[in-house]
Amino acid sequence: MPVKLFYLFSSSVLFASFGWAQNAVNLDVDADPAAVAVKPLAEGRRLIKPPSLEFLLRIDAECDANAEIASISISIADTQKALTTTDLGEAAPIATRITIPARQVSPIAVENFCPMESPTAGDTLIVKDALTAHVSLRCTSEAGESITYASRALDVRLHCDAAAEIQGEPSSLIAR
C-alpha cells in the first residue's frame with residue numbers, strides 16, 4: 001500500500017508541475033555596463049561626475065498562456081520609459097535603450113584610477129550597482145490584469161582616456 005501511495009503522489013506532482021510551467025509569467029532583465037571616458041586625474045581619491053549614461057536593456061517578458069503583454073514600464077533614477085504593444089513587436093527578448101541624464105547620476109568615487117602622472121590608455125574600472133532598473137510587466141486576459149516586477153543592478157564601466165586633458169577641479173577631492 002505505501003508503494004502505491006508513493007507512485008500516486010509522485011505522478012500527481014509531475015503532472016502538476018507541467019500545469020504550473022505552462023501558466024508561468026516570466027520577466028528577466030539584462031544590461032551591459034554604461035561606458036564613461038575618464039580624463040586623467042590627480043593622485044588620490046577623487047569624485048567623477050559622469051555624463052548622461054545610456055543603457056541597452058534586454059527584457060525577456062512572457063505572460064501566461066491565457067494572457068498577453070499590455071505594457072512594460074522601466075524606471076531608472078527619475079527616468080521612466082513605457083513600452084506598449086505597438087513598441088514591442090514579436091521579437092524576444094525586447095531590446096531598448098534608455099538614457100539617464102547626468103543630473104540624475106551620483107558622483108562616483110575612485111582612488112588612483114587614471115592618474116595624470118602616468119595614465120594608462122585602455123585601463124578600465126567596473127563600478128558595480130551604480131544604478132538600479134525597476135521593470136514592470138503588465139499582462140491582460142479575460143480574467144483581468146496582473147503585474148510582475150523585476151529589478152536589475154546596473155554597472156558603469158570607467159575607461160581611462162589618456163589622450164584627454166586633466167579632468168576635475170581641486171574641489172573634487174574627498175577628505176580621507
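Which residues have the most contacts inside the largest nonpolar core? In this predicted model, they are Leu 57, Ile 59, Ile 72, Ile 74, Ile 76 and Leu 158, and the core as a whole has 39 residues. Eight strands, β1 (26–31), β2 (34–38), β4 (53–62), β5 (68–76), β7 (94–100), β8 (108–111), β9 (124–141) and β10 (144–160), each supply at least two residues of this core. The largest share, six residues, comes from β9. In soluble globular proteins, nonpolar side chains tend to be buried together.

With neighbours within four places in sequence left aside, Leu 57 is in contact with Val 29, Asp 30, Ala 31, Ile 74, Ile 76, Ile 94, Ala 95, Thr 96, Ile 98 and Leu 154.

The protein chain as a whole contains two helices and 10 strands. From the N terminus on, these elements follow the order α-β-β-β-β-β-β-α-β-β-β-β. Of its 176 residues, 31% count as buried. Among contacts between residues at least 6 apart in sequence, 76% join residues at least 24 apart. The accessible surface of the chain comes to about 10,900 Å², and carbon and sulfur atoms account for 54% of this surface.

Charged side chains provide a further set of links. Side chains of opposite charge can pair when their charged atoms come close. The structure holds six salt bridges. One of them joins the side chains of Arg 58 and Asp 30, with an N to O distance of 3.1 Å. Because Arg 58 lies in strand β4 and Asp 30 in strand β1, this pair ties together parts that are 28 residues apart in sequence. Arg 58 counts as partly exposed at 24% relative accessibility, and Asp 30 counts as partly exposed at 32%.

Arg 58 also meets Asp 32 in a salt bridge, again with 3.1 Å from N to O. Asp 32 lies in the loop between β1 and β2, so the pair it forms with Arg 58 of strand β4 ties together parts that are 26 residues apart in sequence. The relative accessibility of Asp 32 is 40%, and this residue counts as partly exposed.

In another salt bridge, Glu 54 pairs with Arg 97, the closest N and O atoms being 3.4 Å apart. Here distant parts of the chain are linked, since Glu 54 belongs to strand β4 and Arg 97 to strand β7, 43 residues apart. Both are partly exposed, Glu 54 with a relative accessible area of 43% and Arg 97 with one of 48%. Salt bridges that share partners join Asp 30, Asp 32, Arg 58 and Arg 152 into one network.

Technical notes: Residues numbered from 1 in each chain as written. Predicted model: local features only at pLDDT ≥ 70, side-chain atom pairs only at ≥ 80, totals over all residues. Heavy atoms only, no water. Core = buried A, V, L, I, M, F, W, Y, C linked by side-chain atoms within 4.5 Å. Buried < 20%, exposed > 50% of the residue type's maximum accessible area, 1.4 Å probe, protein only. Helix = DSSP H or I, 4+ residues; strand = E, 2+ residues; numbered from the N terminus. Contact = heavy atoms within 4.5 Å. Areas by Shrake-Rupley, 256 points an atom, 1.4 Å probe, with all protein chains shown as cover. Salt bridge = Lys/Arg side-chain N within 4 Å of Asp/Glu carboxyl O.
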